[in-house]
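I opened my notebook to look at how this model is put together. Here is what I looked up, entry by entry.

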Number of protein chains: 2
Amino acid sequence: MTQTPARGFAPEEYAARTKRAQARMEQLGLDGLLVMSEPEVRYFSGFHTPFWQSPTRPWFLYVPASGKPIAVIPEIGAELMRRGWLEDVRTWSAPNPKDDGISLLTDLLAPLARRGGRLGVMKGHETHLRMPLADWERLMAALPGLGIADATGLVQGLRMVKSEAEIEKLAHICGIGSATFAALPGLVAEGMPLEEVFRAFRREALAQGADDAPYVVGAADQGGYADVISPPSRRPLQAGDILMLDTGCMWDGYFCDFDRNWAITRADDMARRVYDMLWRATQAGIDAARPGATCRDLFTAMSAVIAELDDSGGDIGRLGHGLGMQLTEQPSHAAFDETVLQEGMVLTLEPSLGYGDGLMMVHEEDLVVTDSAPRLLTTRAAPELPVI
Amino acid sequence: MTQTPARGFAPEEYAARTKRAQARMEQLGLDGLLVMSEPEVRYFSGFHTPFWQSPTRPWFLYVPASGKPIAVIPEIGAELMRRGWLEDVRTWSAPNPKDDGISLLTDLLAPLARRGGRLGVMKGHETHLRMPLADWERLMAALPGLGIADATGLVQGLRMVKSEAEIEKLAHICGIGSATFAALPGLVAEGMPLEEVFRAFRREALAQGADDAPYVVGAADQGGYADVISPPSRRPLQAGDILMLDTGCMWDGYFCDFDRNWAITRADDMARRVYDMLWRATQAGIDAARPGATCRDLFTAMSAVIAELDDSGGDIGRLGHGLGMQLTEQPSHAAFDETVLQEGMVLTLEPSLGYGDGLMMVHEEDLVVTDSAPRLLTTRAAPELPVI
């Protein structure tokens, strides 16, 4: 495992992110950028709190054409926001169903609207509007001269390429995840209900140093499993099961996202064969992950191996994705995604394969793209299906 | 602790929820209802998965004027959704940046639009649009005859009143939370970094039977703390600290949400006095929580006690809220909320108080409104500030 990095980032990190955003804004003719979802607000401000789990209050951050971002947030977050690098923190007593920050936002954006400026807002693929739609409509009605432009690509483009400090955090949590998976065979056994397997995994991840293990999914059944997003049942592990656990553990607000597969007591030939194929598909992805290649190239490289057995690829829609402050981020390893890989991108490779009567298997590893061979952040899965 | 209840719900529970929604839809002149956020999709379908933590894919559920809801979801969720009570599950291969469910939704809603029908959508207070705004705009452009009505009150009104089966789950997780808080003094001591206190709490919550403890916040400092939403520091607990932990533990998709305060080694008079006042404010809230009273009444009852020392009430915006599938739900105990309490509502009481030089303290308990005195779901906090 890596040495524990420092928490948070130096103010220079946020200043550099803001500068890069402002340079792109200028190129795109944007006079300001309004973000309101957790990773974007944190990306530019450093505001880091689990309080976002409460859906009650909206939070806004405005990135002007130059200068520091301006926060427009509920008073309950003022103390924490003011500890960060921002200077202009405007608050209201929230929740307030009549005016949850809308008049503060209107005041802030009115000068831009008066001169017919263009505001960037993330409204494209993989985004949500984290405020009430009716409030958004009210805000637009109050700012009739304001142009709205889609800033999804701008922000996602910045976030895709990680800084050294971000990579250090991602390496740390991937190390914790790897140590947790390594310990798992000693924690579970035939007869243990899957629900308890999940619980043992979470407790071990915390003991290994994770801040939390918010995402744990998995499955276990005879010769394989049928889906990969269900919560666990009380069914005990049985000889002949294939057990899969997939986790997003978190440290200082950064995620790992990878899985491991095991056979309980014994494995049949088909499961061994599928495992081997997915291990090789992952390897093909690792070999292809070079700057200049596209996400489509990664998809094609992994698909070619999977096609030995299955040409559907198991319809999970893609074979991996970006990783960072979110469990899944842009880009997508899919035929539609022509994103060109760059040094500093942190990616998962996640080939999956359908077989038998509705069974499937998934492998996953996390890596960072470098100027030569990628650096694997996870301890590579065993080349042969391990037996517990 | 309560006996572990059964997981999930009988199909009759979902059928009853749908019938109640359809009765309200008829009263309000709605021809259909479209929901897309996790608790709402789960409320009507039983679809329960941590996969929502990935922001990549949108998920839609349509409740028609009569008959079962119709799911429009990514193929990766088909297996799990079809295990539930729904019959009509329409899927697409997601992610698909060009068409993430929009043409499926257009086909589904076109007949409604052609006859100038009205679709209910949650667009009010405490809601988000969990799909790209640009996709929403495309959908509206494709369905020009469709009327959109705000269904926030309809859905929140249904969800506020819990069934017996829901209350059983909430009682179970509140029992687990109470047992975890009871064990905490044996797990922490002077000198332990706050970060490790959080980790010990999470591990204990899992050991006590929680599925997860996704929300843990808290603070510790001399004589009190200054905010209640920060992640933990590495600062060791010191004699004279007031330690507060606030948690949302989860079991089978239902939350507890309450906190506890302790003094480390010794407590000063001011902290004892504030603790006592908040304990009595909570008691005033418990005494006022009767069917027919309003949330404003609860707010007033608690505020009256707090006003002995502080008339700002600590600006966290409200003194408690609803609780269920989300850490915080409607209603709000605030001067603006005239929601009338009904049997079956599960509520937190959360009085807070500002004192000294920027310090604050918060108490919280969870209860269910009955036809007489409320049933406390949490083990009541000690009447005097406990010392570790």
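Before judging the interface, I noted the cut-off: two residues are in contact if their C-beta atoms, placed from the backbone, lie within 7 Å. I also kept in mind that this is a predicted model.

**Entry: the two copies.** I checked which surface each chain uses. I found that 100% of the interface residues of chain A are also interface residues in chain B, so the copies meet through the same surface. Next I laid chain A on chain B: a turn of 180° with a shift of 0.0 Å along the axis gives an RMSD of 0.0 Å. The two copies are thus related as by a two-fold rotation axis.

**Entry: domains of chain A.** The domain assignment lists domain 1 (11–159) and domain 2 (161–376). I got 33 Å between their C-alpha centres. Eight residues of domain 1 of chain A are in contact with eight residues of domain 2 of chain A. On the domain 1 side, helix 2 (38–45) and helix 6 (152–160) of chain A each supply at least two residues. Helix 2 of chain A gives the most, with three residues. By class, I noted two nonpolar, two polar and four charged residues on that side.

**Entry: a helix pair in chain B.** How do helix 9 (residues 269–288) and helix 10 (residues 295–306) of chain B cross? Their axes come within 8 Å and cross at roughly 155°. That makes helix 9 of chain B roughly antiparallel to helix 10 of chain B. I logged the crossing as right-handed. Among the contact residues are B:Met277 and B:Ala281 of helix 9, and B:Leu298 and B:Val305 of helix 10. By class, this contact has 10 nonpolar, one polar and two charged residues.

Methods. Residues are numbered from 1 along each chain as its sequence is written. Chains are lettered from A and ligands numbered from 1 in the order in which they are written. This is a predicted model: local features need pLDDT of at least 70, side-chain atom pairs count only at pLDDT 80 or more; totals for chains, interfaces and linings use all residues. Axes are lines fitted to C-alpha atoms, for helices over the stretch in contact, and angles run from 0 to 180 degrees between N-to-C directions. Helices (H or I, at least four residues) and strands (E, at least two) are DSSP runs, numbered from the N terminus. Angles under 35 degrees count as roughly parallel, over 145 as roughly antiparallel, 65 to 115 as roughly perpendicular and the rest as oblique. A crossing is left-handed if the near helix is turned anticlockwise from the far one by less than a right angle, and right-handed if clockwise. Ala, Val, Leu, Ile, Met, Phe, Trp, Tyr, Cys and Pro count as nonpolar, Asp, Glu, Lys and Arg as charged, and the others, Gly among them, as polar. Copies are superposed by least squares on the C-alpha atoms of residues with pLDDT of at least 70 in both. Domain bounds come from an automatic or database domain assignment.
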